[in-house]
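Here are my notes, in the order I'd go through them with the structure open. Have a look and follow along.

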Amino acid sequence: MARVLVGVKRVIDYAVKIRVKPDKKGVITDGVKHSMNPFDEIAVEEAVRMKEKKLVSEIIAVSCGPTQSQEVLRTALAMGVDKGIHVEVSGPDYETLQPIHVSKILAKIAQQEHIDLIIVGKQAIDDDSNQTAQMTAAVLDWPQATFASKVEKGDKELTVTREIDGGLETIKCKIPAVISADLRLNEPRYATLPNIMKAKKKPITKITPQDLGVDISPRIKIISVDDPPVRQAGVILPDVDTLVTKLKEGGHIP
Amino acid sequence: MFSSLNRARSLLSLIRYYSSEVLPQLTKDRYPNIKRGNYAVLTQDHLQYFVDLLGRNRVLNDPSDCETYNIDFIKSVRGYSQCVLKPQTTEEVSKILSFCDEHRLAVCPQGGNTGLVGGSVPVFDEVILSTTLMNKIISIDDISGVLVCEAGCILEELEHALGEQGLMMPLDLGAKGSCRIGGNVSTNAGGLRLIRYGNLHGNVLGVEAVKANGQIIDCLSTLKKDNTGYHLKHLFIGSEGTLGVVTKVVIHCPQKPTSLSLAFFGLESFDNILSTFKRAKKELGEILSSCEMLDAQSLNVVKTHLKLKSPIDDYPYYMVIETSGSNEQHDEEKLNRFLEGVMGDGLVMDGTVTNEPGKMRSIWDLRERITEALMYDGYLYKYDISLPIKDFYSLIPKMIERLGSDATRISGYGHIGDGNIHLNISVPKFRQDVLKKIEPYVYELTSQLKGSVSAEHGVGFRKPPYIHYSKSQNSIDLMKDLKKMMDPNNILNPYKVLPF
Ligand SMILES: Cc1cc2nc3c(=O)[nH]c(=O)nc-3n(C[C@H](O)[C@H](O)[C@H](O)COP(=O)(O)OP(=O)(O)OC[C@H]3O[C@@H](n4cnc5c(N)ncnc54)[C@H](O)[C@@H]3O)c2cc1C
Ligand SMILES: Cc1cc2nc3c(=O)[nH]c(=O)nc-3n(C[C@H](O)[C@H](O)[C@H](O)COP(=O)(O)OP(=O)(O)OC[C@H]3O[C@@H](n4cnc5c(N)ncnc54)[C@H](O)[C@@H]3O)c2cc1C
């Protein structure tokens, strides 16, 4: 049976309003509620379902980030993952950590843990890179099935339905492979109380990129982070004539 | 991100659903026994006065513009007012009321029109005084926690503005995106945080209101303590627009908690709910900020109609418990011990707990959107009852037995921590005979159990004939005397609250 690796990133919760730091070098994260990247939850759910169907023997979740990343690993463990690996990256290192680094870390762990299948979210909702799955596949020289909305796992191969522009594409690829989860792949479960309690006893191993021999020196420099432009408030006009005049003034109609 | 998308989508479908529906029957036709009072009928001259006062844009008199102001949130009543006024200042409210008093025009004050007892819409053709444009925040003091604002501010917007200063509103309810603080004060709204912060009679420090004759009553004290003379503000808290129009309020706002968690439980019996509640009070103590229950039918309705997802498998009863405090570690430790205890002792069969804002929102939706979901069933008979806690759920089995297949769904949910249950009976279409089977039976039962026939929604239009089930004759007589003194011509929200 297959061994699965899932990537889980700790991001600012989607229900929280994002604020840019006064120095415009990033966003405020202190005291801000974080949670698991929603697409990664979908990845975890898919792995757990495979395990429930006895297609998978063990699921390992990896999170790269500061100490608090262990919280999302706990969530993954409570959803049904067997063990967690926390790759500690903090401070300025974390601010410039990019998919290129994360994919090398995932690839290394996949080799060490004899992984057959890597599932990650198609993108993280904080930096929206949409690169980790693709780069990981490249580093390992494995096939990739990105934007998956349906996955059927056979013994030696996968049948994956992909969300593409204007429709769906169904592909087959050999295992080992890398999958990236799209929104419609599944609806992730809530971690239930008995499982949250059990998860407390599951193991989380802490390592560093150096332990894996991965160089995380920055490849980019953040120049500035800006708020999107504020939308101007609408106005209510008293009648159609005024509207027409206004539209003409604005050059919207001749 | 995507959950807000889903939410917007389902709201849209609700709007579509209702715009394709036929309008509810006019109140005057559905309740033919209620006769229009001897009020003036709106004339062109009256309208002209209002237009001169407010300008063309703040007077609506086109029937289609007035329609939504004439129908209540749950589509149970419909008036036929042809005039909606939107004042922006207390002085304008004062001029409108003194004009209406002088010309014997009846007036219906309206806030967000989310009231659930038919109090916020006209019964006949009363002029609608809408507070929607009185929506300015006047001041927020982050040291004393005192908020001063106009009556038309939307509850959720106040919550956001206060959040910026580390404060919060002492009340929260499912209608927060639409209801307005003047409406909340006028109905003494309870809601989801009452168990922790108490009700508005305690949290409102001051009120500015306009009497029926246009006189402005300034009780806008920002002081926490002010024992000079009678506490007039209480006359306007919970009097549902019958004693005056609230124009400004002062609210004492608690500190916004920095640590927040939410648990959702599945339970096998109502007794286990009571035991869990008792344990929560004891073991969570001061961090317990909400304690709600819902039954299987209530959860089913949001799953069926709004396609919301339950965190756990099916159980006959569910609870939502919120904790909030100022120290995450402390709160978590307490909460974990409590969770292990109630699970270990078999009180709670399954559940989930989270401190992630997105997940907490999704769990709250299961509780807060029940009313919205129930409306897809058709017509809703809605009751808001306080009962001694041991009898909290006792009405539901009795109503199921009494109504049998007449009802599509009979469900109960509510503020278990405050002994306040919402009994909901849905049917495909309004039926007089079903109404007769429910009322006054449900009120008689409540009275026998020494409960209240209106716990938090008020009396409005729907309950005046039943207030004697919860109030003595002498009390009702004193209420009538007060009304006569404050509004001798009975122009403010007639046909509401007091039995005639
Ligand atoms: C040492 C000391 C400390 C105090 N500290 C405080 C304090 O911290 N905070 C504070 O608010 N006050 C304080 N007080 C003032 C006083 O104690 C309180 O106001 C107290 O509540 C009065 O209660 P009482 O039974 O003594 O009323 P009384 O002094 O007997 O009466 C007070 C008023 O109430 C009326 N009254 C009394 N009983 C009734 C009734 N049943 N129905 C209708 N009217 C009635 C009386 O006619 C009178 O007008 C203090 C007083 C002392 C001596
Ligand atoms: C989904 C949903 C959930 C709800 N949950 C709760 C809950 O948990 N607890 C609870 O108590 N209620 C609840 N309600 C009922 C309702 O939302 C509250 O009573 C709310 O406080 C009404 O505010 P509003 O601005 O919509 O007032 P409206 O509905 O416009 O008016 C309510 C009453 O107050 C009067 N009024 C309004 N504004 C003024 C004013 N400025 N001056 C004088 N009179 C005025 C109206 O004439 C009417 O009688 C809920 C309603 C919905 C739809």
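Predicted model: local features only at pLDDT ≥ 70, side-chain atom pairs only at ≥ 80, totals over all residues.

1. Of the 254 residues in chain A, 45% count as buried.

2. On overall build, the C-alpha trace of chain A spans about 70 × 40 × 40 Å along its principal axes. Its secondary structure consists of eight helices and 11 strands. If you take the contacts in chain A between residues at least 6 apart in sequence, 71% of them join residues at least 24 apart.

3. For chain A there is also an annotation to look at. An unreviewed UniProt entry puts the feature "domain: Electron transfer flavoprotein alpha/beta-subunit N-terminal" at residues 24–216 of chain A.

4. Now to ligand 2. Which residues come nearest to it? Of the 35 residues around ligand 2, the nearest are B:Pro109, B:Gly111, B:Thr114, B:Gly115 and B:Asn184. Sorted by type, the shell residues divide into 10 nonpolar, 22 polar and three charged.

5. An oxygen atom of ligand 2 lies 2.8 Å from a backbone N or O atom of B:Asn113. A polar backbone atom of B:Glu240 is 3.2 Å from an oxygen atom of ligand 2, and a polar backbone atom of B:Gly241 is 3.5 Å from a nitrogen atom of the ligand. As for cover, ligand 2 has 970 Å² of accessible area on its own, and the protein covers 97% of it. The elements that supply two or more residues to the shell are β3 (107–110), α7 (181–187) and β9 (245–252) of chain B. Of these, α7(B) gives the most, with five residues.

6. Strand β9 of chain B also holds B:Thr247. Is B:Thr247 buried or exposed? It counts as buried because its relative accessibility is 0%. Leaving out residues up to four places away in sequence, B:Thr247 touches B:Thr90, B:Val93, B:Met134, B:Glu150, B:Ala151, B:Glu208, B:Ala209 and B:Val210.

7. My last stop is B:Glu292, in strand β11 (residues 288–295) of chain B. With a relative accessible area of 1%, B:Glu292 is buried. What does the side chain of B:Glu292 pair with? A polar contact of 2.6 Å joins it to the side chain of B:His415. Beyond its neighbours within four places in sequence, the contacts of B:Glu292 include B:Leu192, B:Tyr318, B:Trp364 and B:Arg367. For a sense of distance, B:Ser447 is 155 residues from B:Glu292 in sequence and 23 Å from B:Glu292 in space, C-alpha to C-alpha.

Definitions and conventions. Residues numbered from 1 in each chain as written. Chains lettered and ligands numbered in written order. Heavy atoms only, no water. UniProt positions renumbered as here; feature names shortened; annotations may be inferred. Near = heavy atom within 4 Å. Polar contact = N/O pair within 3.5 Å; in protein donor to acceptor, adjacent residues only side chain to side chain. Areas by Shrake-Rupley, 256 points an atom, 1.4 Å probe, with all protein chains shown as cover. Helix = DSSP H or I, 4+ residues; strand = E, 2+ residues; numbered from the N terminus. Nonpolar A, V, L, I, M, F, W, Y, C, P; charged D, E, K, R; others polar. Buried < 20%, exposed > 50% of the residue type's maximum accessible area, 1.4 Å probe, protein only. Contact = heavy atoms within 4.5 Å.
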